[in-house]
Amino acid sequence: MISHLGPREAAPRTVQLRVDGLACGYGNGLVLRGVSFTLERGSFTGVLGPNGSGKTTLLRVLCRVLVPRRGYVLLDGHDLSRFPRRELARRVAMVGPDWRPQFEFTVAEVVALGRIPHLGPWSGESPADRRAVERALELTGTGALAGRLLGSLSEGERQRVMIARALAQEPSLLLLDEPTSHLDISHQVQVLSLLHGLTRGGVGGGGLTVLAVMHDLNLAAAWCDRLLLLHEGRVFAAGSPEEVLTPEVIRRVYGGEVLVLRNPVCGSPYVVPALAARSREITAASGARSSRVG
Ligand code: ADP
């Protein structure tokens, strides 16, 4: 046990995670090269980048599934590689894209799995464990599903249960790999506002730090405090949504022309593919022409 690491609830706006000069890969190949960034406690950061740019690989390093070849990761000021596994699992939780239990579990049982890092070798569930599970169910609005089998849920419900399981772990850093993929727009907003609320403590979360891989630039811009844009295994841009989502950056990373407008609801950058806008104009114009002809 590391007991000298200090309290988990530190003041907001301190650096919780520092990644410096990270290089990592599979076999002999390198995927991430010279990746450096910091995460402030209680912030919501979106990891963006084209397919294959190394987003999932980065999450794998941060939950120590992969070991860095070079560079280091400091969590709460301590080298990630030196945390005992159980202590790490109390601090960092991961919601992956396709975790499925091998057996049919109820929602309550799945969420209770999040307590495993807190259980002693011979001890059963304590009142604190039960409270943490109840709180996770409540925060994610999944209490009414507690008795249902995981396999019977919709994608949106399942995703909220996966987040509940991670919250039952009571981590201080939550990593998510594409938490809104396969969700319709209303469930996307539900999940993102839940994550945002957890970083603010506004739904009882108490300043969780969230790092989420996302594909939708506009949702990321609307909900995240900071964006980290990866390109070919390197950090191409990092900063506020306004700093990262510029037409020039998007053209160089994604290879397409875009317009960056302003989201009329929240004022964040709003990216529109210029080509799509033009082709719709062309379609509309040719539709008007053909209707005149007909
Ligand atoms: P992203 O999440 O941005 O799509 P990934 O981190 O999944 O990117 O992948 C980055 C690169 O690493 C890709 O070229 C991918 O093929 C490779 N890669 C990912 N996982 C493995 C693996 N288990 N073994 C070998 N190569 C992998």
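## Helix H1 and the four-stranded sheet

Helix H1 (residues 55-62) lies across S1, S2 and S4 and runs at about 65 degrees to S2. Helices (H or I, at least four residues) and strands (E, at least two) are DSSP runs, numbered from the N terminus. Axes are lines fitted to C-alpha atoms, for helices over the stretch in contact, and angles run from 0 to 180 degrees between N-to-C directions. Two residues are in contact if their C-beta atoms, placed from the backbone, lie within 7 Å. The model is predicted: local features need pLDDT of at least 70, side-chain atom pairs count only at pLDDT 80 or more, and totals for chains, interfaces and linings use all residues. Residues are numbered from 1 along each chain as its sequence is written.

The sheet under discussion is open, with four strands in the order S2-S1-S4-S5 and antiparallel pairing. Its edge strands are strand S2 (29-40) and strand S5 (78-79), each of which pairs on one side only. Two strands pair if DSSP finds at least two bridges between them.

Strand S1 (residues 15-26) and strand S4 (residues 70-75) run antiparallel and are joined by five bridges. In S4, Arg 70 is the bridge partner of Ala 23, and Leu 74 is the bridge partner of Arg 18. Leu 74 also has a bridge partner in S5, Asp 79. S4 and S5 pair in the antiparallel sense over two bridges. Their hairpin has two residues between the strands, and Asp 76 there takes a positive phi near 50 degrees.

## Ligand shell

The ligand is surrounded by Tyr 26, Val 31, Gly 49, Asn 51, Gly 52, Ser 53, Gly 54, Lys 55, Thr 56 and Thr 57. A residue is near a molecule or strand if its C-beta atom, placed from the backbone, lies within 6 Å of it. H1 supplies the largest share of this shell, three residues.

By class, the shell has two nonpolar, seven polar and one charged residues. Ala, Val, Leu, Ile, Met, Phe, Trp, Tyr, Cys and Pro count as nonpolar, Asp, Glu, Lys and Arg as charged, and the others, Gly among them, as polar.

## The six-stranded sheet

A sheet of six strands, also open, has the order S6-S7-S8-S3-S9-S10 and mixed pairing. Strand S6 (92-95) and strand S10 (234-239) each have a single partner strand, so one side of each is left without a neighbour in the sheet. From one strand to the next, the twist averages 15 degrees.

S6 and strand S7 (residues 173-177) run parallel, joined by four bridges. Ala 93 stands opposite Leu 174 in S7. Helix H6 (residues 185-200) lies across strand S3 (44-48) and S8, at about 150 degrees to S8.

## Met 214

Met 214 is found in the loop between strand S8 (209-213) and helix H7 (217-223). Met 214 counts as buried because it has 26 C-beta neighbours inside 10 Å; the cut-offs are 20 or more other C-beta atoms within 10 Å for buried, 12 or fewer for exposed, and partly exposed in between, with C-beta atoms placed from the backbone.

Not counting residues up to four places away in sequence, Met 214 touches Gly 46, Val 47, Leu 48, Glu 178, Thr 180, Leu 219 and Ala 220. The C-alpha atoms of Met 214 and Ser 181 are separated by 8.2 Å, at 33 residues apart along the chain.

## Confidence

pLDDT is the predictor's confidence in each residue, from 0 to 100. The protein chain averages a pLDDT of 87, and 86% of the residues score at least 70.

Over residues 1-12 pLDDT stays under 50, and the model has 13 contacts beyond four places in sequence for them. Over residues 290-294 pLDDT also stays under 50, with zero such contacts in the model.
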